[in-house]
Amino acid sequence: MSVHDAAKQKLDSHSRVKWETDQEDAFFIGDLGEVYRQHLRWTRLLPRIEPHFAIKSNPDPMVVKLLASLGLGFDCASKSEIQQVLDLGVDPSRIIYANPCKQASYIRYVAQQNVAKMTFDNAEELYKIKALYPDAELVLRILTDDSQSLCQLGLKFGAPLDTVDHLLRVAKELSLNVIGVSFHVGSGCHDEHAFSDAVLRARTVFDQAEAMGFNFTLLDVGGGFPGADVKDGITFEKVAAILGPAVDELFSPQVRVIAEPGRYYVASAFTICTNIIGRRTVASGTDDSSYMYYVNDGMYGAFNCILFDHQIVIPRVLTKSGRYLHGQQLDESDYECSIWGPTCDSIDCLAKSTRLPLLEEGDWLYWENMGAYTICAASKFNGFKISKVIYTNTSV
Ligand SMILES: Cc1ncc(COP(=O)(O)O)c(C=O)c1O
């Protein structure tokens with residue numbers, strides 16, 4: 001059923017169980033059909049590049065199960081992410097442990113589980129891996145230009161190109177098996193040319209490695225692929241049109257190419273519905289009052305994405321006085337307002353200044369494109385629950 005119908009069914013069921021205590025709780029609608037469509041779009045536009053879903057972006061069990069059944073690989077950052085994927089029966093060869101600085105006990109764990117592929121970007125990590133998992137298949141994560149990305153991961157990870165020679169020499173001395181190169185152009189990348197520039201850098205490192213006697217067979221083009229399409233902004237189509245040809249031009253078909261998309265698969269698949277639990281009228285001294293609305297998920301919950309992922313979230317009216325308005329433009333006056341989460345902290349603000357029709361306590365708002373870096377980092381601060389997910393599977 002459509003997202004509209006799924007929300008309506010959920011809210012209608014509330015009125016039938018009037019005295020159920022949690023009926024105003026915020027909830028997500030997770031659309032598995034949208035995840036599937038994103039996968040079809042990937043295979044159509046980047047057929048050579050094997051996606052390994054970055055589970056950190058949304059480890060929702062239904063999403064992970066669906067992607068596992070579609071044959072995707074997985075990019076995991078920790079033992080429990082790896083465990084979640086292995087528990088589904090995914091073969092260890094379909095996992096890349098893509099965290100350049102790993103806890104020793106996690107390396108011992110992946111050695112036991114035969115999860116061989118892992119990234120590194122410093123010499124100390126090589127010594128650790130030599131001691132704990134000398135047969136690991138190592139992927140050198142290089143630094144790229146992430147200045148056009150929302151989250152600039154290069155501040156923390158990625159070997160500058162002038163350190164590559166030293167790192168490969170250390171790996172050689174330790175007889176470690178380095179099999180290729182990875183990069184990450186930054187999460188939420190706004191410039192498709194960052195991908196082609198990074199592919200060029202990876203080629204340089206392949207050549208350097210070859211000159212030192214390594215036989216590189218893997219290129220990992222990382223994550224950063226756009227999720228929900230931004231109007232007039234970057235789209236997956238634009239990235240694919242630059243990245244696909246760049247890879248084909250610089251890497252022979254013998255090189256296996258993988259990617260670690262996270263937000264691309266899940267951002268547009270989740271909508272959160274929040275209840276207006278309170279309203280405060282702010283006297284302006286003139287006729288046009290403004291309003292403060294309080295809703296029941298916030299910055300400490302799913303909307304942590306505003307702080308950690310620099311997302312801009314957009315409220316829309318789901319119900320007003322019992323009328324369902326999903327996808328509709330209301331033909332009535334709107335008013336200046338701000339929207340706040342439920343906690344007692346003033347940082348918990350979801351929209352400082354926006355415009356909505358006059359709403360009452362009990363009305364519902366919905367927020368689209370809430371699937372990436374939302375639920376996974378939500379806390380229970382102030383005793384509020386993490387919003388649950390109900391699922392649908394749209395077919396268009
Ligand atoms: C190593 C690595 N791979 C992949 C991703 C996923 O990035 P995105 O969700 O932008 O595709 C991240 C995100 O932080 C990451 O750190």
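Modeller: First, a word on the record: UniProt positions follow the numbering used here, feature names are shortened, and annotations may be inferred rather than shown by experiment. Residues are counted from 1 along each chain as its sequence is written. The model is predicted: local features need pLDDT of at least 70, side-chain atom pairs count only at pLDDT 80 or more, and totals for chains, interfaces and linings use all residues.

Colleague: Which residue does UniProt list for "modified residue: N6-(pyridoxal phosphate)lysine"?

Modeller: This comes from the UniProt record, an unreviewed entry.

Colleague: Is Lys56 buried or exposed?

Modeller: Start with the rule: 20 or more other C-beta atoms within 10 Å of a residue's own make it buried, 12 or fewer make it exposed, and anything in between is partly exposed; C-beta atoms are placed from the backbone. Lys56 lies in the loop between strand 2 (50-54) and helix 3 (61-69). Helices (H or I, at least four residues) and strands (E, at least two) are DSSP runs, numbered from the N terminus. Lys56 has 21 C-beta neighbours inside 10 Å, so it counts as buried.

Colleague: Which residues does Lys56 touch, not counting those up to four places away in sequence?

Modeller: Contact means that two C-beta atoms, placed from the backbone, lie within 7 Å. By that rule Lys56 touches Ala77, Glu81, Gly262 and Cys376.

Colleague: Which residues come nearest to the ligand?

Modeller: A residue is near a molecule or strand if its C-beta atom, placed from the backbone, lies within 6 Å of it. There are 17 residues around the ligand. The nearest are Ala54, Ser187, Gly223, Glu260 and Gly262.

Colleague: How many residues in the shell around the ligand are charged?

Modeller: Ala, Val, Leu, Ile, Met, Phe, Trp, Tyr, Cys and Pro count as nonpolar, Asp, Glu, Lys and Arg as charged, and the others, Gly among them, as polar. The shell has 6 nonpolar and 8 polar residues. The charged residues number 3.

Colleague: Is Cys344 buried or exposed?

Modeller: UniProt, in an unreviewed entry, places the feature "active site" at Cys344. Cys344 sits in the loop between strand 16 (334-340) and strand 17 (349-357). Since it has 8 other C-beta atoms within 10 Å, Cys344 is exposed.

Colleague: What is the phi of Asn382?

Modeller: Asn382 is in the loop between strand 18 (364-367) and strand 19 (388-392). With 14 other C-beta atoms within 10 Å, Asn382 is partly exposed. It is not a glycine, although its phi is positive, at about 70 degrees.
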